[in-house]
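Here is a short note for someone opening this structure for the first time. Please keep the view at hand while reading.

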Protein chains: 2
Amino acid sequence: MTQPDDISPLALNRISVYLRCLRHLQAEGVSRIASQEMARRFHLSASQIRKDLAYFGEFGIRGVGYDVAHLRERLERLLGIQRLHPAIIVGAGNIGTALALFPGFHSGNFRIVAIFDNDPTKVGTELAGVTIRHSHELAPGIEETGAEIAILAVPAEVAQENYQALVEAGIKSVLNFAPVQLELAPEVRVKTVDLLIFMEELAYFLQ
Amino acid sequence: MTQPDDISPLALNRISVYLRCLRHLQAEGVSRIASQEMARRFHLSASQIRKDLAYFGEFGIRGVGYDVAHLRERLERLLGIQRLHPAIIVGAGNIGTALALFPGFHSGNFRIVAIFDNDPTKVGTELAGVTIRHSHELAPGIEETGAEIAILAVPAEVAQENYQALVEAGIKSVLNFAPVQLELAPEVRVKTVDLLIFMEELAYFLQ
DNA sequence: GATTGTGAATAGATTCACAGCT
DNA sequence: AGCTGTGAATCTATTCACAATC
């Protein structure tokens, strides 16, 4: 499938939100919806919904609205989540463990196919139905499983070296939970989730 | 302290990033730094650093750069993290537990002062040095501890009702981990961290 | 000479408003 | 009649380039 590569992450994230809304609507048995009604129900902007959707094609019917099931399918294809994405977790500490057990990763379009840690007492134990392997085995583990996405959940001090190892092992994208400014490789897309920055944002508005 | 209330969240998050960089520099013994050098070291934009900082005041010395220790202190005051912020966790499941044990919440300017869950088998047990209380006790718990920030780590299905309870109990801001569009109360600031949306963003660029 | 702080210029995102379909 | 798709208008953010300052 061809797609624009220069869409803004903001618009892309909104597409994910729309998709979630459509799933809700579908579960409720709604089969058609207008942008305005969707905006009202989920606290979004109607013109932005139309603009975002139109960016990828003409999905609606003028005078009528959008077909919920059809639009949902189109958006899933668009995001590339019509198929299952194998993912790995690097670091089986608190955050890694929590993510391994996160229900969203068991019901959706992502599957945790391997977990790595460098603590020998953890290696060999089971977590979320997967046996933890040693971080040395990152490269063969990624190759065997065809993993595309790595969730990096290691301490900040070792995040850069683990990221490097993932890049060399041929991973395609990384979701990073370590609170560091990673030195990025151009061929690997990284999304950093920095809890302290979120907390500091909230702290600012407390004043 | 007075401050502009209309700063963009993007700029605010960058201030957090600068602060982290300054801490690194200070730990390395660097006492002065120019925007250009800081940009080079941490992969940022020099003109953006200057613009962001200048928005809050004149922190630098022309021809010289910025005093690391001084700027750090100013930014901490600016973000309101010169003092400790008491925070609570609602939901002691996988994510709630991981966050309770997250090192960032033990070394920084945030302190987890209470944890709530509605599972009677969890109530009364210890987690990260705090005894888990029943969710019924949210309001008195918030009052006693003076908690300002709540970390909402409950299943998606019950996120809205727990949010409502937090609003009624007088919390000031919420960091929400449930993958839902919360119906927001105007007086409570909310930041949602949605892992599935991040994963979907990465999936898009795999294609 | 070097570097900040800042107005002007550019780029990007959102909202408006309406022509074009059904 | 009603709602989408979209160009134009507005608003926001980033980058540039240089005068002001040390």
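Predicted model: local features only at pLDDT ≥ 70, side-chain atom pairs only at ≥ 80, totals over all residues.

The points below take up aromatic contacts, a pocket and a sheet.

1. Every value below is computed from it.

2. **Aromatic pairs.** Over all chains, the whole structure holds 8 aromatic pairs. One of them joins A:Tyr55 and A:Phe56. A:Tyr55 is partly exposed, because its relative accessibility is 41%. A:Phe56 has 15%, so A:Phe56 counts as buried.

3. **A pair between chains.** A:Phe56 also pairs with B:Tyr204. Here the centres lie 6.4 Å apart and the planes stand at 75 degrees, so this pair is edge-to-face. A:Phe56 sits in helix H3 (residues 46–56) of chain A, while B:Tyr204 sits in helix H9 (residues 195–206) of chain B, so the pair joins two chains. Both A:Phe56 and B:Tyr204 are buried.

4. **The cluster and its charges.** Which residues do ring pairs link into a cluster? They are A:Tyr55, A:Phe56, B:Tyr204 and B:Phe205. A:Arg189 lies over the face of B:Phe205, 3.5 Å from the ring centre.

5. H8(B) gives the largest share, 7 residues. By class, the lining has 23 nonpolar, 14 polar and 13 charged residues.

6. **The sheet in chain A.** Seen in chain A is an open sheet of 7 strands. The order is S5-S6-S4-S3-S7-S8-S9, and the pairing is mixed. Why is one side of strand S5 (126–127) and of strand S9 (189–192) left without a neighbour in the sheet? Both strands of chain A stand at the edges, each with a single partner strand, so one side of each has no neighbour there.

7. **A parallel pair in the sheet.** Strand S3 (residues 85–90) and strand S7 (residues 149–152), both of chain A, run parallel and are joined by 4 bridges. A:Ile89 stands opposite A:Ile151 in S7(A).

Key: Residues numbered from 1 in each chain as written. Chains lettered and ligands numbered in written order. Heavy atoms only, no water. Phe/Tyr/Trp six-rings, centres within 6.5 Å; stacked < 30°, edge-to-face > 60°. Buried < 20%, exposed > 50% of the residue type's maximum accessible area, 1.4 Å probe, protein only. Lys NZ or Arg CZ within 6 Å of the ring centre and 35° of its normal. Nonpolar A, V, L, I, M, F, W, Y, C, P; charged D, E, K, R; others polar. Pairing = 2+ DSSP bridges.
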